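Here is a quick tour for anyone meeting this structure for the first time. Take a look at it, and then we'll walk through some of its parts.

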Amino acid sequence: MPQLFPPNSNSFVTWAVWAGGIFAVLMIVALPFYARVSNNGVGVPVAQPIDYPHNLHVVQVGLDCRYCHTTVETSNTASVPPTETCMGCHSQLRVGTPQVQAVVDSWNSGTPIAWNRVNELADYVYFNHSAHVNNGVGCSTCHGRMDEMAQVWKNEPLTMGWCLECHRNPATALRPVSEVFNMAYQPLADPKAQLALGATLVEAYHIDTDKLIQCSTCHR
Amino acid sequence: MSDAQIDFTDIRAKLAKHEGPDYWRSIDQLAETEEFKLFLQREFPRQAAPLEGSFERRDFLKLLGASMALAGLSACARPPLAHEKIVPYVKQPEQITPGRPLYFATAVTYAGYAEGVLAESHQGRPTKLEGNPDHPASLGATGAITQAQVLTLYDPDRAQEVLQKGQPSTWDDFTSALSGTLAGLPGGDGFALLTENVTSPTLASQISDFLGQHPRARWFQYDPVHPDNVVAGARLAFGQDVTAVYDFRAADVVVALDSDFLDAGPGSLAHSRAFADARRLRRATDTMNRLYAFETAPTHSASLADHRVALKPSDVSALAAALAAAIGASAPTAQRPAAVSQALFDALVADLEASRGRSLVVVGPDQPPVVHAIGHALNAALGNVGATVSYVRPAAARPAIHREELAELVGLMNDGSVKALVVLGANPVYTAPASLDFAGALAKVPFSAKLGLYHDETADAVTWSVPESHFLEAWGDARAFDGTATIRQPLILPFYAGKSEIELLGALLGNPSTAGYDVVRNYWRANVTGSFDDFWRESVYRGAVAGSSSPAVSVSAAPVAEALPAASNFELKLVLDDSLLDGRFANNGWLQELPKAFSNLTWDNAAVIAPTTAESLGVKTGDVVKLTSGGKDLSAPVWVQPGHAVGAISLALGYGRARAGKVGTGVGVNAYKLLDHTAAGAQAVTVAKTNDSHALVSTQTHHSLEGTGEARHIVRSGTLSEFRAAPDHPHFVHPVAHHEADLYPDFEYKGYRWGMVIDQTVCTGCNACVVACQSENNIPIVGKAEVARGREMHWIRVDNYYSGSLDDPQFFHQPMPCQQCEKAPCEPVCPVGATVHDSEGLNVMVYNRCVGTRYCSNNCPYKVRRFNWLQYAELATDATALSLANNPDVTVRSRGVMEKCTYCTQRIATARIDASVEDRKIRDGEVVTACQAACPTQAIVFGDLNDPTSQVTAVKASPLNYWMLEELQTFPRTTYLAKVKNPNPALASAEGSH
């Protein structure tokens with residue numbers, strides 16, 4: 001029986017082993033690096049079908065977060081407003097601009113606007129807004145300075161490790177409930193003072209710190 | 001089942017000598033068949049993964065290569081390249097808060113009788129049904145079938161378009177054909193309308209309008225679920241149509257004559273609640289009612305019976321007559337059946353005599369009318385009328401004996417006088433008795449139409465098939481067993497352009513574009529006084545129209561002169577199936593896979609016979625026998641059931657569907673092929689052994705807690721007198737030595753400490769908890785082949801145990817969810833920390849950590865952990881409408897992950913968040929688990945054990961409370977109350993308890 005492959009094809013094996021080894025090393029080096037630099041999409045503005053400038057609406061118009069995100073205090077989701085909410089003003093204001101025209105089109109045609117989700121959690125995480133904003137976690141703690149964003153980006157990595165930073169020690173991030181919707185609020189500059197304030201708030205709001213780090217708090 | 005014939009003589013001898021276990025689960029266990037021993041030894045046969053067919057080396061390499069390639073690809077996928085979309089409303093409905101479900105009151109119907117429910121809606125998507133506490137036929141509970149109705153809504157096999165002789169057509173074409181046909185029938189001559197039992201006031205008024213317009217048209221009713229004999233019995237006794245309404249709460253002594261009053265028929269949920277309230281036992285000072293049951297096959301009600309005798313149907317009739325004679329009520333003469341001992345009979349009579357006005361005799365719908373008349377006479381003679389039983393006007397719009405109506409209709413069809421037939425809902429081609437060749441008669445009708453949820457057997461045979469809207473899609477109304485009306489509101493627009501019965505009647509009345517909403521509103525507007533808007537809002541909101549229960553009727557019983565049914569050698573009792581009823585739920589996978597009480601049989605029906613009968617026939621479970629009755633024959637597999645009456649065979653209707661859908665077609669055997677419309681009760685039957693056998697799949701031997709060591713006190717039960725004499729009687733209490741020191745330190749639960757207690761005294765084994773859990777927790781079904789491997793996924797199962805003799809055992813039901821052990825054996829063996837304790841004592845399962853080693857399941861003494869062997873849940877990529885039935889608050893688990901009962905952790909989380917928002921503690925009763933909410937007898941109590949005032953703490957204080965497998969010292973959070981029975985003290989010596 002004649003040989004199927006010529007003798008020099010033996011070198012293919014050597015090459016393949018070398019290539020495999022180099023590839024493996026590259027992956028070991030590159031993947032963690034990639035994971036670090038990609039940072040889960042933090043800080044990358046997300047384009048939306050309609051350019052809705054949060055900064056303009058919050059600062060110039062002076063809208064409260066809850067004007068649109070109506071269920072943030074009562075439900076798991078803060079909820080994105082129906083077209084009707086936009087039309088409350090934009091049936092009169094700035095009619096005719098392309099942005100507002102898209103809203104009017106949605107209203108007239110009955111077709112909802114499909115926004116791109118910026119802050120996306122895994123399906124097995126059951127995050128609840130009402131549990132946070134009623135217990136002294138401010139909007140800006142997770143979402144950043146929405147009042148300064150023309151296009152919205154994810155402000156924090158929203159990984160489990162990041163969640164646990166706060167759930168393990170909520171005193172580092174708590175603020176009085178009255179300040180929850182205050183975009184400009186900053187945690188106390190002195191870490192000790194913040195911890196002291198946080199500790200009093202944990203007590204005042206009856207936050208069960210044992211429960212915060214249990215699996216069943218967020219996963220069902 | 002093993003191939004060897006079971007030696008019943010040996011089993012009987014062992015049981016008589018108390019050599020075997022006190023409580024046993026199956027005949028195989030008693031016979032110690034090789035197969036059972038193997039099952040016990042292997043303990044986890046489900047863990048072995050048998051490979052299907054041959055598996056070549058080449059296939060292995062191919063799969064290996066493919067999985068490597070896939071692993072590489074999936075690992076490289078960058079997290080969200082495409083963003084998930086958020087699609088808000090354009091105009092948000094007023095009451096909707098995204099993320100929070102709403103509940104709407106509506107009603108399901110069985111044989112037309114309403115059972116009130118609250119349907120949970122997630123932004124317009126119904127996902128779960130709960131009982132409506134304001135509805136008299138629900139009182140907050142639901143049955144197993146009701147829990148499964150959501151699945152039918154999303155069933156992709158539902159009828160989706162109008163078909164004319166199998167070809168797609170439209171509603172407009174249908175209605176013009178219909179009105180054309182109707183125009184050709186002067187005065188409606190030759191037009192027949194066939195409905196199921198009608199209680200809907202709106203539909204009834206439409207039918208009456210239609211018959212007014214077309215005076216020569218005819219209206220027939222046929223519904224196999226309808227209790228014909230109850231109607232006929234009332235007519236026989238009182239000469240008028242009345243309905244008996246029972247008050248089990250006021251009855252100290254109840255006699256059930258072939259009646260499953262706790263689980264079957266209109267009002268069974270209300271009966272369950274009242275009966276359980278009169279029976280519940282916590283302390284020695286509590287009182288209990290007493291139940292005597294005489295019946296053919298074991299029923300849910302009889303599992304609570306204090307005295308039970310298995311009798312063939314004609315013997316139950318004879319006993320009723322003998323009892324009537326002894327009490328002094330009018331009845332034909334009859335001999336007391338030999339199976340009922342003189343002592344028991346005398347004690348029963350004395351007990352009834354002593355409880356005049358506080359007793360109750362109930363007769364089951366499978367007994368012929370004369371026995372119902374005897375039952376009424378007995379209640380009258382015992383002074384129960386006005387005390388425990390009252391008579392009201394029937395809820396049905398036109399009470400009828402359905403089998404007679406169908407026979408008349410078939411006669412008219414056969415002689416050609418029916419020119420047009422419209423069938424609403426019913427499926428008579430499948431459900432008509434074989435003695436009436438309905439399909440043959442239907443072929444002679446030139447124009448026929450059928451409105452139904454499925455394109456079923458009848459839809460195949462008619463000229464027009466019209467998709468019906470599900471009750472969650474259409475406006476309507478219906479009355480409960482006591483006459484209370486419910487306005488049924490829809491939760492969602494019809495998926496498949498379905499039409500309701502009311503809308504089809506609208507078309508018959510000449511208005512094909514009728515909206516059901518307008519018809520229902522107009523009916524009620526014409527029938528209420530005062531502000532209609534207030535009435536409408538209140539009635540729709542409550543789910544029950546205030547003050548609409550039927551008025552009482554005064555009755556006087558005529559002497560019972562009719563003869564008792566003749567006895568025959570072998571009597572065939574054709575019964576409605578526990579899960580599928582008459583077969584209408586055959587395509588519902590949750591119900592097909594639900595293990596039946598007593599046999600734990602799934603995905604099949606069987607000819608159920610007594611062990612003695614099996615011996616004399618020389619057959620064993622799984623052998624196929626040929627049944628011949630009334631000139632028709634049917635081959636059916638045998639199931640040998642301890643406690644079944646000798647000389648009788650029970651066979652469930654509802655199986656053997658020819659055209660049910662992907663799930664239900666061809667499952668089981670079609671018992672309608674033996675049904676004789678002239679038989680009011682049991683039919684004479686002959687049985688012949690064949691050489692065939694059929695693999696029946698039962699979960700009875702799965703998940704055994706027995707172990708192979710010394711006897712474990714899994715079931716504990718005793719009598720009321722024992723309990724009163726000594727609450728620590730060994731029947732209830734088995735102290736075990738606890739270790740002084742423990743390897744693991746105790747954890748101090750400072751916040752909530754969740755716990756559950758299950759009261760076996762009132763558990764009827766109705767399975768409502770099982771399906772409720774399935775619906776709440778997105779539990780998939782696995783199919784017959786996988787169940788045979790022991791891979792059923794139910795998070796809560798109901799274990800059935802027997803005690804006593806093979807022929808006359810006592811029955812025990814034990815719901816078994818995760819026991820939430822404080823020292824959980826599953827936790828230390830998990831290598832990845834996927835199952836851990838939380839600070840409230842829940843043994844939580846973290847799906848996203850689980851790598852599927854299954855060590856936890858191997859180490860669980862209660863066998864409550866379920867492994868997803870295959871991708872049972874639908875993946876998003878190939879999801880059908882069924883995935884819409886999922887609860888969004890619970891993770892849909894995928895392949896390779898362990899799962900189990902979590903005490904409905906999602907409900908606890910919701911309550912915890914609500915409490916934290918309002919800055920308070922969770923109130924007692926605020927967290928209700930799905931199983932607890934459904935339970936008709938309130939046998940399940942759940943709450944915070946750290947709250948000294950909580951209901952669960954109070955119940956657990958009962959001396960009857962015990963830990964399952966206490967000797968293992970796992971300290972379960974779920975505990976059980978020992979089952980207490982209340983046998984007649986006069987019979988104490990004769991009827992030893994266990």
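## A well-covered helix

Let's start inside chain B: the buried residues of helix H12(B) are B:Pro369, B:Val370, B:Val371, B:His372, B:Ala373, B:Ile374, B:Gly375, B:His376, B:Ala377, B:Leu378, B:Asn379 and B:Ala380. Buried here is a matter of counting: 20 or more other C-beta atoms lie within 10 Å of the residue's own, while 12 or fewer makes a residue exposed and anything in between is partly exposed, with C-beta atoms placed from the backbone. By that count, 12 of the 13 residues of H12(B) are buried, so the helix is mostly covered. A word on where this comes from: it is a predicted model, in which local features need pLDDT of at least 70 and side-chain atom pairs count only at pLDDT 80 or more, while totals for chains, interfaces and linings use all residues. Residues are numbered from 1 along each chain as its sequence is written, and chains are lettered from A and ligands numbered from 1 in the order in which they are written.

What do the buried residues of H12(B) pack against? They meet helix H8 (228-238), E11, helix H10 (313-327), E14 and strand E15 (389-392) of chain B. Contact means that the C-beta atoms of two residues, placed from the backbone, lie within 7 Å. The helix and strand names are DSSP runs numbered from the N terminus: helices are H or I with at least four residues, strands are E with at least two. From first C-alpha to last, H12(B) reaches 18 Å, close to the 18 Å expected at 1.5 Å a residue (the expected span is 1.5 Å times one less than the number of residues). Just after H12(B) comes B:Gly383, with a positive phi of about 70°.

H12(B), residues 369-381, lies across E11 and E14 of chain B and runs at about 175° to E14(B). Such angles go from 0 to 180 degrees between N-to-C directions, using axes fitted as lines to C-alpha atoms, for helices over the stretch in contact.

Those two strands belong to an open sheet of 4 strands in chain B, in the order E13-E12-E11-E14, with parallel pairing. Its edge strands are E13 (307-310) and E14 (359-363) of chain B, and each pairs on one side only. From one strand to the next, the twist averages 10°. Within the sheet, E11 (residues 253-257) and E12 (residues 290-295) of chain B pair in the parallel sense over 5 bridges (pairing takes at least two DSSP bridges between two strands). B:Val253 stands opposite B:Arg290 in E12(B).

## A second sheet

Chain B also has an open sheet of 7 strands, ordered E7-E6-E18-E17-E16-E8-E9, and its pairing is mixed. Strand E7 (167-169) and strand E9 (218-221) of chain B are at the edges with a single partner strand each, so one side of each has no neighbour in the sheet. The twist here averages 20° from one strand to the next.

Strands E17 (residues 447-452) and E18 (residues 464-467) of chain B pair in the parallel sense over 4 bridges, and B:Ala449 stands opposite B:Trp464 in E18(B). Helix H13 (residues 402-414) of chain B lies across strand E8 (191-195) and E9 of chain B, at about 135° to E9(B).

## A strand covered on both faces

In strand E21 (residues 571-575) of chain B, 5 of its 5 residues are buried. B:Glu571, B:Lys573 and B:Val575 are on one side, with B:Leu572 and B:Leu574 on the other. In a regular strand the side chains alternate between the two faces of the sheet.

E21(B) pairs in the parallel sense with strand E26 (residues 648-652) of chain B over 5 bridges, where B:Ala648 is the bridge partner of B:Glu571. With strand E27 (residues 683-684) of chain B, E21(B) pairs in the antiparallel sense over 2 bridges. There, B:Leu572 stands opposite B:Gln683.

## Where the chains touch

How many residues does each chain bring to the contact? Chain B gives 36 and chain A gives 40. On the side of chain B that touches chain A, helix H26(B) gives the most, with 6 residues.

A:Trp115 stands opposite B:Ile86 in E2(B).
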